[in-house]
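Subject: A structure to look through

Dear colleague,

I am handing over a structure that I would like you to read alongside the notes below. Please keep it open while you go through them, and take the terms slowly where they are new to you.

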Amino acid sequence: MLDPRPHVGEPLAVDLLNTRWVAAGEPQDLLTDVTGLRTWLATNELADRCPADEKTLRALVTVREAIRRVVHGESIEELNRVLDHGRIRRTLTAEGPADRADVPKPEWLPAWLAADNLLHLLAETPGRIKQCAHPQCVLYFYDTSKNGARRWHSMATCGNRAKAARHYARKT
């Protein structure tokens, strides 16, 4: 199944938030079944690293909600519970030092990686994970603009709709 979501390519934690979107005025959720999970895992190059089953689906939905709560400043406890499922293991390889995710239960690997990614994003540039400013959009983005003032997940869709609405309101 091709990924049906309108906005992909964000960092892992943000991409997970974007498994919910609105199409034709109706809420959509990629993670309602194992088929959607397979799609998300494939999109994020994780399909060969963990099982696509109900346990993994439940773990991923759990961390999606935990990430949403952190982004909205509501709660950190759920995210910390997800992080308890793994750790970074430092090793020395033939290529040099390496950090590897050590997650004993494979169904928690994608959830743990998304939670870990959120920590990296928050450490690098706090406040850059944003929800699209368009009132009918539920998508998120990681603001990489120079001044951090980006407002839309996509200027081509939500940004243009907002500009057109303002233009139309001025003309009437």
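Leaving aside its neighbours within four places in sequence, which residues is asparagine 44 in contact with? They are Leu12 and Asp15, where contact means that heavy atoms lie within 4.5 Å.

Before going further, please note that this is a predicted model, in which local features need pLDDT of at least 70 and side-chain atom pairs count only at pLDDT 80 or more, while totals for chains, interfaces and linings use all residues. Residues are numbered from 1 along each chain as its sequence is written, and side-chain values use heavy atoms, with hydrogens and water left out.

The overall picture

The protein chain has 6 helices and 6 strands, both taken as DSSP runs numbered from the N terminus (helices are H or I with at least four residues, strands are E with at least two). Along the sequence these follow the pattern α-β-β-α-α-α-β-β-α-β-β-α, and the C-alpha trace spans about 65 × 35 × 35 Å along its principal axes. Of the 172 residues, 42% count as buried, a word that stands for under 20% relative accessible area, with exposed meaning over 50% and partly exposed in between (1.4 Å probe, protein chains only). Among the contacts with a separation of 6 or more, 48% are between residues 24 or more positions apart.

Asparagine 44 sits in the loop between H2 and H3 and is buried, with a relative accessible area of 18%. Its side chain is joined to the side chain of aspartate 15 by a polar contact of 2.9 Å, and it also reaches the backbone oxygen of tryptophan 40 at 3.0 Å. A polar contact is a pair of N or O atoms within 3.5 Å; within protein, one must be able to donate a hydrogen and the other to accept it, and residues adjacent in sequence count only if both atoms are side-chain atoms.

Aspartate 15 itself lies in helix H1 (residues 12-17) and is buried, at a relative accessible area of 1%. Its side chain makes a polar contact of 2.8 Å with the side chain of tryptophan 40. Not counting residues up to four places away in sequence, aspartate 15 touches several residues, including Arg5, His7 and Trp40.

In helix H2 (residues 34-43), the buried residues are Val34, Gly36, Leu37, Thr39, Trp40 and Leu41, and they pack against H1, H3 and H5. The N-terminal end of H2 is capped by aspartate 33, which has a side-chain oxygen 3.2 Å from the backbone nitrogen of threonine 35. Just after H2, glutamate 45 takes a positive phi of about 55°.

Arginine 64 belongs to helix H3 (residues 54-71) and is buried, with a relative accessible area of 3%. A polar contact of 2.8 Å joins its side chain to that of threonine 19.

The nonpolar core

In soluble globular proteins, nonpolar side chains tend to be buried together. Here the largest nonpolar core has 41 residues, and those with the most contacts inside it are Leu16, Trp40, Leu60, Val63, Ile67 and Leu79. Such a core is a set of buried Ala, Val, Leu, Ile, Met, Phe, Trp, Tyr and Cys residues joined through side-chain atoms within 4.5 Å. H1, H2, H3, helix H4 (77-83), H5 and strand S6 (140-142) each supply at least two residues of this core, and the largest share, 8 residues, comes from H5. Leaving aside neighbours within four places in sequence, leucine 79 is in contact with Val63, Ala66, Ile67, Val70, Ala115, Leu118 and Leu119.
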